[in-house]
Amino acid sequence: MSELPLIAVTDSATCPRPLPKQIERLAKLTELRPQAVILRAKSLDKAAYRTLALQAQQSCKVTGIPLILHSDWQLAHDLGISKLHLPLALLRQISEYERAYFTWLSTSVHSVDEAQEAQALGATVLIAGHIYTTQCKAGLAPRGLGFLQAVCNAVSLPVYAIGGIGFDAAQHAELKANGARGACVMSAYMRL
């Protein structure tokens, strides 16, 4: 079992089954059960994402895994979901009043400056990456453990690592040693 909390990030392109079914599969895991699921579906329009969010919300409710919506804060509010992940560009646009609704408000950061800005904007969790080489970012060099450590040292928020992370205990220990409070796993969770 990983000592590092793991969050599953959905990716319909690499998942062999519908995402709500995959969430149900993840809930049945014992050792690798995720702390939460970020419902990422960049290829869907707003209506299709809403349908998926409703299905995933039901799956998560049944399984007891918290659901974190991606990008659409109005939908999260409409569905009574208090956990949200926003790209930094969207975090800059959401008002302080709207941010206050969310008990979990994560954003992706790619530099120490972005991490500090996100903290000032009211993020509650940072997702820093990409740390290791990953097929999702083919051709882009990873930012590495030094970057992760610099981000963790620059802010007081919990930082979750992302990018090229699987279920390797040694990798998790390395992330933790460099300040990560958790990790986001996409491909490995989608292929289970």
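Helices H6 and H7 cross with right-handed geometry. The model is predicted.

**Helix packing: H6 and H7**
- H6 spans residues 112-120 and H7 spans residues 144-154.
- Their axes lie 9 Å apart, at an angle of about 30°.
- Angles under 35 degrees count as roughly parallel, so H6 is roughly parallel to H7.
- On the H6 side, the contact is made by Val-112, Ala-115 and Gln-116.
- On the H7 side, Ala-150, Val-151 and Ala-154 make the contact.
- By class, the contact of H6 with H7 has 5 nonpolar residues, 1 polar residue and no charged residues.

**Cysteines**
- A disulfide is a covalent bond between the sulfur atoms of two cysteines.
- Searching the whole structure gives 0 disulfides.
- Cys-60 is therefore in no disulfide: a pair needs sulfur atoms within 2.5 Å, and the nearest cysteine sulfur, that of Cys-15, is 13 Å away.
- Cys-60 has 5% relative accessibility, so Cys-60 counts as buried.
- Cys-184 is also buried, with a relative accessible area of 2%.

**Arg-17**
- Arg-17 sits in the loop between strand E1 (6-9) and helix H1 (19-27).
- Its relative accessibility is 26%, so Arg-17 counts as partly exposed.
- Leaving out residues up to four places away in sequence, Arg-17 touches Gln-22, Arg-25, Met-190 and Leu-192.
- Arg-17 and Ala-173 are 156 residues apart in sequence.
- In space, Arg-17 and Ala-173 are 31 Å apart, C-alpha to C-alpha.

Technical notes. Residues are numbered from 1 along each chain as its sequence is written. This is a predicted model: local features need pLDDT of at least 70, side-chain atom pairs count only at pLDDT 80 or more; totals for chains, interfaces and linings use all residues. Side-chain values use heavy atoms; hydrogens and water are left out. Axes are lines fitted to C-alpha atoms, for helices over the stretch in contact, and angles run from 0 to 180 degrees between N-to-C directions. Helices (H or I, at least four residues) and strands (E, at least two) are DSSP runs, numbered from the N terminus. Angles under 35 degrees count as roughly parallel, over 145 as roughly antiparallel, 65 to 115 as roughly perpendicular and the rest as oblique. A crossing is left-handed if the near helix is turned anticlockwise from the far one by less than a right angle, and right-handed if clockwise. Contact means heavy atoms within 4.5 Å. Ala, Val, Leu, Ile, Met, Phe, Trp, Tyr, Cys and Pro count as nonpolar, Asp, Glu, Lys and Arg as charged, and the others, Gly among them, as polar. Buried means under 20% relative accessible area, exposed over 50%, partly exposed in between (1.4 Å probe, protein chains only).
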